[in-house]
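Me: Can you walk me through this one? I'd like the folds, then how the chains meet.

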Amino acid sequence: MTAPMTAVVGESLPPEVLDLLNSADGTAFEQALDVMVRQREQHLFRALGVLARDLHGAVCRLGGDLANEGVPESMTDARNYLAEVLDMSSQAAHRSLDFVDRMRPEAEALSSNARTVLGNGGNESDPVAVLARQAQVFANACAEGLNDMVLVQSWQDLAGQRVKKVVGFIESVESSLLELVRLTGALAGREAPVEVAKVSSQDEVDRLLSEFGF
Amino acid sequence: MKILVVDDFSTMRRIVRNLLVELGFSNPLIQEADDGNAAMTMLKTNPFDMVVTDWNMPNMTGIELLQAIRAEPKLKGMPVLMVTAENNREQIIAAAQAGVNGYIVKPFTAVTLKEKLDKIFERLAASGASA
């Protein structure tokens, strides 16, 4: 029975451990197993320690970059930019709707005046009647175009809803980042000062970051 | 007919109002609310004949507003038309189960709005006649 075990695990084990594994001495076998497991654990803990330090360093740099360099400078700026996009697009859409409100009565008046002129008679070749007919066609086309223009403004609502989703996404990235800061701070031996789940306002975000030296 | 238009985007409220006026509804009788909570307060204090609401709104969403309307004895028969960008199956089913009278997916045209409104009023007239 020992031969197949040697064939399976033998290649990665030192010869002395192999000997113990193959020996009939149960106590020595258990001790050898213990040593092997402990060695593996130590490797794992060392690797985890290195990983935590690297992670903490990376988060420190990221926090510094967010505060000092990148464009947009911070998550707050990114959120503000998107809020500005929402605001500007809303203003633009309202201006278009204002224009429709101004022009619609004009188109209606032109159409109505043309109808009155045409109602007064005059033959087909009368330049006044020709112009009135053209004016009426134009006014009706304008009214139709203005209605389309109103509907087209719904782009602002549809685009705005997507922008709001992006704002939500940025908030989730921000809270994940803060969770990372808290976690790496705790791994580096510092007490986590606040529950990240409770961080909601910008002040709290800034305070938490500053407590970790960001 | 008094209509309450509920949407958190002022642009969309204006567009819906514009379309309703184009279809012949009286402009001064159309009122606006920017979320479900505001709408519920207005519905409890003023008589309305119909609600046109968005789905995605802060504080109280359109589906929550619909459920609140159906749960309120004085308002439960109020016709509610949902006008929303949400077009997935589950949401449409949820709205139907909550008792929505009509469901329009944005962007939409005046023709679509007219069709849905006509259908709502036809059904109401039929149920009123049979009652």
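Reply: Chain B has five helices and five strands. Helices (H or I, at least four residues) and strands (E, at least two) are DSSP runs, numbered from the N terminus. This is a predicted model, where local features need pLDDT of at least 70, side-chain atom pairs count only at pLDDT 80 or more, and totals for chains, interfaces and linings use all residues. Residues are numbered from 1 along each chain as its sequence is written, with chains lettered from A and ligands numbered from 1 in the order in which they are written.

Me: In what order do the elements of chain B run?

Reply: From the N terminus, β-α-β-α-β-α-β-α-β-α.

Me: And how do the strands of chain B line up in the sheet?

Reply: The order is β2-β1-β3-β4-β5, in an open sheet with parallel pairing. Strands pair if DSSP finds at least two bridges between them. β2 and β5 (102-105) of chain B are at the edges with a single partner strand each, so one side of each has no neighbour in the sheet. On average, neighbouring strands are turned by 20 degrees against each other, direction ignored.

Me: Which helix packs on the sheet?

Reply: α3(B) does, touching β1, β3 and β4 of chain B. Its direction makes about 175 degrees with that of β4(B). Axes are lines fitted to C-alpha atoms, for helices over the stretch in contact, and angles run from 0 to 180 degrees between N-to-C directions.

Me: How many bridges join β3(B) and β4 of chain B?

Reply: Three, in the parallel sense. B:V51 has B:V80 as its bridge partner in β4(B).

Me: What about the largest nonpolar core?

Reply: That core has 34 residues. B:L4, B:V16, B:V51 and B:V52 have the most contacts inside it. Helix α1 (residues 10-22) of chain B gives the largest share, five residues. A nonpolar core here is a set of buried Ala, Val, Leu, Ile, Met, Phe, Trp, Tyr and Cys residues joined through C-beta atoms within 7 Å. Buried means 20 or more other C-beta atoms within 10 Å of a residue's own, exposed means 12 or fewer, and partly exposed is in between, with C-beta atoms placed from the backbone.

Me: What does B:L4 contact, leaving aside neighbours within four places in sequence?

Reply: B:Q31, B:A33, B:A39, B:M42, B:L43, B:F48 and B:V51. Contact means C-beta atoms, placed from the backbone, within 7 Å.

Me: Which residues of α2 in chain B are buried?

Reply: B:G36, B:A39 and B:L43, in a helix that spans residues 36-45. They fall within an arc of 60 degrees seen down the axis, so they line one face of the helix. The arc is that of the directions from the helix axis to the C-beta atoms. B:T41, B:K44 and B:T45 are exposed on the other side of α2(B).

Me: New topic. How many helices and strands are in chain A?

Reply: Seven helices and zero strands. Buried residues make up 11% of its 214 residues. In chain B, 37% of the 131 residues count as buried.

Me: Where do chains A and B touch, and how many residues are in contact?

Reply: 14 residues of chain A contact 14 of chain B. On the chain A side, α4 (75-119), α5 (127-152) and α6 (154-187) each supply at least two residues. α6(A) gives the most, with six.

Methods. Contact = placed C-beta atoms within 7 Å.
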